Amino acid sequence: MTGTANETNRPVIGITGYVEDASFGVWNMRSALVPYAYVRQVAEAGGQPVLLPPVGAPASLVDRLDGLVVAGGGDIDPALYGAEPHPEVSGVRDFRDGSELALVHAALDRDLPFLGICRGLQVLNVALGGTLVQHLPDVVGGRTDHSPAPGVYGHFPVRVEPGSRTAEALGGDTTPTVAHYHHQSIDRLGTGLRAVAWADDGVVEAAELPGRAFALGVQWHPEVGDDPALFLSFVAAARIYAGGEAADTLTLRR
């Protein structure tokens, strides 16, 4: 860090985290963590990342944030959208569900710039009253390339609606090849959400809330990709939010 104006005026970006067992050094213990790829992308886009573990009341911190990233993770409890659990549902953490749903509602109430990634898109959808497909192979003819194998990303293009906020955030790219790792997806859209990107099998891969400066979620994992455009656009929106500038002054930096 050099102490320049750009470094001292970074918008504060909250990133939701996990509470899981983790190994580091000689230790194996319960930890609050987030994959470093999220932190790196936010920092390289000009934001100051802060971890929001799902303990206490992180929604009470929304007034101190300039943007919110809801990160990937395990499945959401199907009871939250009125469904019985499918046998393939896994990784449910009730404390994380409650924490992130409260965060999403608080962020939307303040029109805080919001980026949901994978599970984050699903949390946004459930927060707005939507439902999820609990196991994609059941509805896409057994296709598994949305999640090829444990710890292995699938890479294939999605079709993004031209003129959407998501397409704008991607620098106008409407057929990006992206990293997929999900066995669930949006089923019924939540109130106000609009689907704006799809895989070739019809699976919804992005949705957004029209009329806001930046409120969208993607089903893929941009944090592991080579194109920083989505994070650059998100952090630019957070900088505008922090400075109280008009939303129409936002420009993409690539």
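How many bridges join strand β1 (residues 12-16) to strand β5 (residues 67-70), and do the two run parallel or antiparallel? Three bridges join β1 to β5, and the two strands run parallel. This is a predicted model, in which local features need pLDDT of at least 70 and side-chain atom pairs count only at pLDDT 80 or more, while totals for chains, interfaces and linings use all residues. Residues are numbered from 1 along each chain as its sequence is written, and side-chain values use heavy atoms, with hydrogens and water left out.

**Sheet and helices**

- An open sheet of eight strands has mixed pairing and the order β4-β1-β5-β6-β14-β13-β12-β9, where strands (E, at least two residues) and helices (H or I, at least four) are DSSP runs numbered from the N terminus, and two strands pair if DSSP finds at least two bridges between them.
- Because β4 (48-52) and β9 (159-160) stand at the edges with a single partner strand each, one side of each is left without a neighbour in the sheet.
- Within the pairing of β1 with β5, the bridge partner of I13 is G67 in β5.
- Helix α3 (residues 94-109) packs on the sheet, touching β1, β4, β5 and β6 (114-117), and its direction makes about 150 degrees with that of β5; contact means heavy atoms within 4.5 Å, and angles run from 0 to 180 degrees between N-to-C directions of axes fitted to C-alpha atoms, for helices over the stretch in contact.
- Helix α6 (residues 229-243) also packs on the sheet, touching β1, β5, β6 and β14 (215-218), with its direction at about 150 degrees to that of β6.

**Pockets**

- The largest pocket holds about 580 Å³ of space; a pocket is an open set of points on a 1 Å grid over the protein atoms alone, where a 1.4 Å probe fits, with protein on both sides within 12 Å along at least five of seven lines, and lining residues have an atom within 4 Å of a point.
- Its lining comprises 32 residues, of which G73, S147, Y181, H182 and H183 lie nearest the centre, and divides into eleven nonpolar, 16 polar (Gly is counted here) and five charged residues.
- The second largest pocket has a volume of about 200 Å³ and is lined by 14 residues, with T177, V178, G225, D226 and D227 nearest its centre.

**Aromatic pairs**

- A search of the whole structure finds two aromatic pairs, meaning Phe, Tyr or Trp rings (the six-membered ring for Trp) with centres within 6.5 Å, whose planes count as stacked under 30 degrees apart, edge-to-face over 60 and tilted otherwise.
- One of the pairs, Y153 with Y181, is edge-to-face, at 5.9 Å centre to centre and 65 degrees between the planes.
- Y153 lies in the loop between β7 (132-133) and β8 (154-157) and Y181 in the loop between β10 and β11 (185-186), so the pair ties together parts 28 residues apart in sequence.

Conventions
Points joined across faces, edges and corners; volume = space filled by probe spheres on them.
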